[in-house]
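Student: I've just opened this one and could use a quick tour. Can we go through it step by step?
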Amino acid sequence: MPSRLLLSAGAAVAASALVIGCGAMGPSSGGKSMSFFITSVNPGKGGDLGGLAGADRFCQSLATSAGAGNKTWRAYLSTAAANGQPAVNARDRIGAGPWTNAKGVVVATSVADLHSANAKVGKDTSLTEKGEVVSGAGDPVNRHDILTGSRPDGTLAVADPGKDTTCGNWTKSDGGSAIVGHHDRKGTNPDPVANASWNSSHGTRGCSVDQLKMSGSAGLMYCFATN
């Protein structure tokens with residue numbers, strides 16, 4: 001075979017291999033662009049998330065498993081002042097936005113937008129790191145209560161004397177209580193405003209896995225990328 005034909009055949013084979021290789025890779029996943037999700041699971045101890053640091057690590061690990069570990073992730077959680085440390089507001093620890101879910105949908109463009117009526121947070125958009133919908137009100141298993149410890153504006157939900165809104169700053173796996181939001185913006189509470197709040201609906205019956213289940217919670221939390 002003439003050398004010119006050999007070169008042409010080789011080029012064709014190389015081009016075919018490149019096309020096949022690109023096809024095998026498939027479209028890029030939404031993981032790399034994802035900057036917001038609900039955890040698909042609880043770390044295993046209910047409201048005891050290992051404090052803010054433990055919650056952040058959990059967000060980071062789930063993001064890494066979904067291909068978005070190149071970002072810095074923070075849990076959307078508030079904590080009360082304790083042991084000489086000041087209170088922390090969830091809204092102050094999640095970056096500036098915008099935030100995109102695993103399907104590429106922008107849920108909020110800024111902190112102000114996230115805490116406004118314009119926010120696109122809801123059952124169809126507040127997906128897990130795997131891009132899955134979290135079950136909510138009306139489903140066989142309701143898991144719409146998401147841990148936040150916050151008020152609607154993203155600041156700490158200040159507890160009445162002797163009460164708790166953060167499961168002991170996310171260190172309690174029994175007793176206590178935490179403020180949760182409804183990710184699906186639905187519920188059966190008499191207060192329609194609370195039902196529609198994604199981050200501040202009501203307190204839980206306790207902080208253990210079983211006590212959280214009684215309130216319609218699986219101990220899930222919101223995670224946001226700060227960059």
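This is a predicted model: local features need pLDDT of at least 70, side-chain atom pairs count only at pLDDT 80 or more; totals for chains, interfaces and linings use all residues.

Student: Okay. How many helices and strands are there in the protein?
Tutor: The protein has six helices and eight strands. Along the sequence they come in the pattern α-β-α-β-β-β-α-β-α-β-α-β-α-β.

Student: How much of the protein is buried?
Tutor: Buried residues make up 46% of the 227 residues. The protein exposes about 10900 Å², and carbon and sulfur atoms supply 58% of that area.

Student: And what share of the contacts comes from residues 24 or more positions apart?
Tutor: Among contacts with a separation of 6 or more, that share is 64%.

Student: Let's do strands. Which strands pair with β6?
Tutor: Strand β5, residues 145-147, pairs with β6 in the antiparallel sense over three bridges. Strand β7, residues 202-203, also runs antiparallel to β6, and two bridges join them.

Student: Are the faces of β6 covered or open?
Tutor: Both faces of β6, residues 179-182, are covered. I179 and G181 are buried on one side, and V180 and H182 are buried on the other.

Student: New topic. How many disulfides does the structure hold?
Tutor: Two. One is formed by C59 and C223, with their sulfur atoms 2.0 Å apart. That link is left-handed, with -70 degrees about the S-S bond.

Student: Where do C59 and C223 sit?
Tutor: C59 is in helix α2, residues 51-65, while C223 is in strand β8, residues 222-225. The pair links distant parts of the chain, 164 residues apart.

Student: Why does C59 count as buried?
Tutor: Because its relative accessibility is 0%, and the cut-off for buried is under 20%. C223 is buried too, with a relative accessible area of 0%.

Student: What about the disulfide of C167?
Tutor: C167 is joined to C207, S to S 2.1 Å. This link is left-handed, with -100 degrees about the S-S bond. C167 lies in helix α4 and C207 in the loop between β7 and α6, so the pair ties together parts that are 40 residues apart in sequence.

Student: What is the pairing if I number the bonded cysteines in sequence order?
Tutor: The pairing is 1-4, 2-3.

Student: Now the rings. How many aromatic pairs are there?
Tutor: The structure holds eight aromatic pairs. One of them is Y76 with W198, a tilted pair with 5.0 Å centre to centre and 45 degrees between the planes. Y76 is in the loop between β2 and β3, and W198 is in the loop between α5 and β7, 122 residues away. Y76 and W198 are both buried.

Student: Why is the pair of Y76 and F224 tilted?
Tutor: The planes of Y76 and F224 stand at 45 degrees, so the pair is tilted; the ring centres are 5.7 Å apart. Y76 lies in the loop between β2 and β3 and F224 in strand β8, so the pair ties together parts 148 residues apart in sequence.

Student: Which residues form the aromatic cluster?
Tutor: F36, Y76, W99, W198, Y222 and F224 form one cluster.

Student: Last topic, salt bridges. How many does a search of the whole structure find?
Tutor: Four. Among them is R93 with D56, whose closest N and O atoms are 2.8 Å apart. R93 lies in the loop between β2 and β3 and D56 in helix α2, so the pair ties together parts that are 37 residues apart in sequence.

Student: Are R93 and D56 buried or exposed?
Tutor: R93 and D56 are both buried.

Student: And what about D139 and K123?
Tutor: Their side chains meet in a salt bridge, 2.6 Å from N to O. D139 is partly exposed, with a relative accessible area of 28%. K123 is partly exposed as well, at 24%.

Student: Where does K172 come in?
Tutor: The side chains of K172 and D164 meet in a salt bridge, 4.0 Å from N to O. K172 is partly exposed at 35%, whereas D164 is buried at 18%. Elsewhere, salt bridges that share partners join D56, R74 and R93 into one network.

How values were computed. Residues are numbered from 1 along each chain as its sequence is written. Side-chain values use heavy atoms; hydrogens and water are left out. Buried means under 20% relative accessible area, exposed over 50%, partly exposed in between (1.4 Å probe, protein chains only). Helices (H or I, at least four residues) and strands (E, at least two) are DSSP runs, numbered from the N terminus. Two strands pair if DSSP finds at least two bridges between them. A disulfide is a pair of cysteine sulfur atoms within 2.5 Å. Rings of Phe, Tyr and Trp (its six-membered ring) pair if their centres lie within 6.5 Å; planes under 30 degrees apart count as stacked, over 60 as edge-to-face and the rest as tilted. Contact means heavy atoms within 4.5 Å. Accessible areas come from the Shrake-Rupley method with a 1.4 Å probe; for residues, only the protein chains shown count as cover.
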